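Please keep the sequence and the model open while reading.

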Amino acid sequence: MSTLAVAQNPAAALAQSGPLYQNANAPIAARVADLLARMTLAEKVAQIRTAWQGKADMIDGLAFDPEKASAAFPDGIGHVTRPSDKRGVPGISGAAGGTAARWRTPAQTVAFINALQKWALEDTRLGIPVLLHEESLHGYMATDATMFPQAIALAGTFDTDLMRRVQSVTAREVRARGVPLVLSPVVDIVRDPRWGRIEETWGEDPYLCAEMGVAAVEGLQGPGKFEKLADGKVFATLKHMTGHGQPESGNNVSPAQLSERDLRENFFPPFREVVRRTSIGAVMPSYNEIDGIPSHANTWLLGQVLRGEWGFDGVIVSDYGGVHELATLHHVAADTEDAAHQALRAGVDSELPDGMAYATLPEAVEAGRVPVELIDRACARMLAIKFRAGLFENPYGDAALAQSITGNAEARALALEAARKGLCLLTNKDAALPLDTGTMGRVAVIGPNHAIARLGGYSSVPKQTVSLIEGLRQIAPGADFVTAQGVFITTSEDRSQDLIELADRAENLRLIAEAVEVAKSADTIILAIGDTEQTSREGFATNHLGDRTDLDILGEQNELVDALAALGKPLVVCAINGRPPSWPNVIDKADAVLECWYAGQEGGTAMAEALLGKVNPGAKLPVTVVRNAGQVPSFYNHKPSARRGYLFDDKAPLFPFGHGLSYTSFAISEPRPAKARFARDEPVVVEAQVRNTGAMAGDEVVQLYLTRSDVSVTQPVLELKGFERITLAPGEARTVRFTIEPRRLAIWNRAMEEVNEPGPLVLSVGNSSAKLKSIEVEIV
């Protein structure tokens, strides 16, 4: 609003020798006001629209064409979607993954961006540069860029320093090509594994998601509060506000049946914490509705809460198609113009990916149906982020820099470190792992995921990948490995394909018999099973689904497990998957299960190192793993009245939140609080000692939980409020210290006021939510 106030009297700025908005030393608010005062309505609307398919109107082949752009965009181009993909080129309808044919090379991307920005600065009336965004869920989604482990695997590291470093590498790879904005991170808490996007999240816990969210944003943007973006950094976008991770029936974009209390206690905290501690550049509303109001039209959610209560001052960008869906899906808008009006009123500043609803705004404003003040407000915010990103001074990419840093040795080493730290040992009967290269004999490496590097959703084509079998042969070149396919999961590996079909059963039964014959000649079996990028993904359309009703492993994979287990040989399973492994038969039959998730481009090396004892798994589960879909939703921080039990089934999950084994053993002491009574306005300080009591160095994640009782509203049985991952040598001990700020103890009382009420407080410390030692203190 201060920017708009300055705009009411721009005379002083206009009187200067040159336009104030072009003065890099002038205050950003003044630059925005000066530029806004010079703009026509059409130019303002152009700034809040975006071009994706519209790239077709500005290119000749893959190259940017200034003459075509001037003809198609006479009022300038505000925002371009995914410059690295070939959308707009004939025959390219999308780029959700797949082969390099869908993507520009790094050099082509920089050439397109630089030509676009040269045109914007030199050939448009006001010389306003173009904002560009890319996807970066677990690395820059573009050719040659480093593909790190999938988000759910990064969450399982419980390592915020690693998260900062991963996101810093992602930022520099993106910015080198000339892009200042990414659509990540996803800070939705997730409570339904039927939902195909669960792999994109950091799990079910608000505290974990908040801490990982802050770390990710700090890595992408830089730490703390700032006005101007530093070199090599990009603005981040918080996704998706909110309720997206618990959709009705687990179906993507379905209503989130959540109360305001549930929102404030669980779904809001990650968003709020990032806004509080960083200069987050953008927020993206979710597709779903809450209490009958779709998020893209929710003035309470985006205005009163996000901008009002929390003080967010960045831009709000729509999810792809989220504005026009107010009319076409939710039916709360009469038409696309009405949808545009509702989204603008709620505070959506930029319509992605093509701005088709916002294209109706010039006529609507001129006819008096939409207030021009809404256009000015959104345009001012979009101009501000361009000034903050330094685009008016230097909007260009650097092809030589991109070539030197993208997917380089440093980035590859970090991808390997992240893959190692993301491996979670779920079971290990009779110390079946690690394998001993001297005694394991011939090893049969079998399964649909043994010879392919699965990267997960929102991935492109990195410079190199390492599959499990490649990693094993690299780590143990003298070992005797034999292989078999075992089964295929689906009929295709094209993740962009709409229709997904399971592989032919008859052929899979033949492959199982073949695999059994191979395994008969071996002494040990490693089985790589799980998901593909087709079987767990974003269901973004009714003809492109990704959610499931059955959580168990798909196709004939259980039959493959049964056939191999029947041989009586040591059976080690590598779970390579995006969904949590609700595989009771696999867990029962296998001697050891290593949860690898989608481990990124270097995953094969990390998996091999862990199987052969070169590294010690230390990750934990960021989600509760249910036994079956009948337990959904199941999360550890439930209320006391939940989880009474079921007829004919176990109420306990297959694996609890925070679970993860090691090749060594650890002893964690009882929590040692600084005192027995804490005032409501002072932090609670607690320590615990951790000792490696085994014979191998390893990592342990010490987890601090609390339980409130005797307060005015019901509270969860447990709440994570601290964690630290430490590395200890055999016999080494370390004291871990946690400080819980008073605001972390606050609850939403019956009047929906956030207060820290007095009462007993149980502090619990352990290495999972199911293995804890506790002590009670009091808040007074």
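Helices (H or I, at least four residues) and strands (E, at least two) are DSSP runs, numbered from the N terminus. This is a predicted model, in which local features need pLDDT of at least 70 and side-chain atom pairs count only at pLDDT 80 or more, while totals for chains, interfaces and linings use all residues. Residues are numbered from 1 along each chain as its sequence is written, and side-chain values use heavy atoms, with hydrogens and water left out.

**Loop residues and their contacts**

- Alanine 476 sits in the loop between helix 18 (468-475) and strand 13 (481-484).
- With a relative accessibility of 8%, alanine 476 counts as buried (under 20% relative accessible area; exposed is over 50%, and partly exposed is in between, with a 1.4 Å probe and protein chains only).
- Contact means heavy atoms within 4.5 Å; not counting residues up to four places away in sequence, alanine 476 touches Thr437, Phe481 and Leu612.
- The C-alpha atoms of alanine 476 and glutamate 609 are 9.2 Å apart in space, although these residues are 133 apart in sequence.
- Histidine 659 belongs to the loop between helix 22 (603-611) and strand 17 (666-668), and it is buried because its relative accessible area is 12%.
- A polar atom of the histidine 659 side chain lies 2.9 Å from the backbone oxygen of leucine 426. A polar contact is a pair of N or O atoms within 3.5 Å; within protein, one must be able to donate a hydrogen and the other to accept it, and residues adjacent in sequence count only if both atoms are side-chain atoms.
- Leaving aside neighbours within four places in sequence, histidine 659 is in contact with Cys424, Leu425, Leu426, Ala619, Lys620, Leu621 and Ser768.
- Tyrosine 646 is also in the loop between helix 22 and strand 17, but it counts as partly exposed, at 45% relative accessibility.
- Beyond its neighbours within four places in sequence, tyrosine 646 contacts Gly630, Gln631 and Lys651; its C-alpha atom is separated by 9.2 Å from that of glutamine 631, 15 residues apart along the chain.

**Helix 20**

- The buried residues in helix 20 (residues 557-565) are Gln557, Asn558, Leu560, Val561 and Leu564.
- Seen down the helix axis, these buried residues fall within an arc of 155°, so they line one face of helix 20; the arc is that of the directions from the axis to the C-beta atoms.
- An α-helix has 3.6 residues a turn, so residues three or four places apart point the same way.
- The cover over the buried residues of helix 20 includes strand 12 (443-446), helix 19 (505-520), strand 14 (524-530), strand 15 (571-576) and helix 21 (584-589).

**Nonpolar cores**

- A nonpolar core is a set of buried Ala, Val, Leu, Ile, Met, Phe, Trp, Tyr and Cys residues joined through side-chain atoms within 4.5 Å.
- The largest core has 137 residues, of which Met58 and Leu116 touch the most other members.
- Helix 15 (residues 372-388) gives the most to this core, with 10 residues.
- A second, separate core has 39 residues, including Ala153, Ala484, Ile512 and Ile529.
- Apart from neighbours within four places in sequence, the contacts of methionine 58 include Ala51, Phe64, Phe73, Phe112 and Leu116.

**Backbone geometry**

- Most residues other than glycine have a negative phi, and most peptide bonds are trans.
- Leucine 433 and proline 434 are joined by a cis peptide bond, with omega about 0°; proline 434 is in the loop between strand 11 (424-428) and strand 12.
- Another cis peptide bond, with omega about -5°, joins valine 632 and proline 633; proline 633 is in the loop between helix 22 and strand 17.
- Alanine 431 has a positive phi of about 55°; it is in the loop between strand 11 and strand 12 and counts as exposed, at 57% relative accessibility.
- Arginine 82 has a positive phi near 45°; it lies in the loop between strand 3 (79-81) and helix 6 (106-123) and counts as buried, at 6% relative accessibility.
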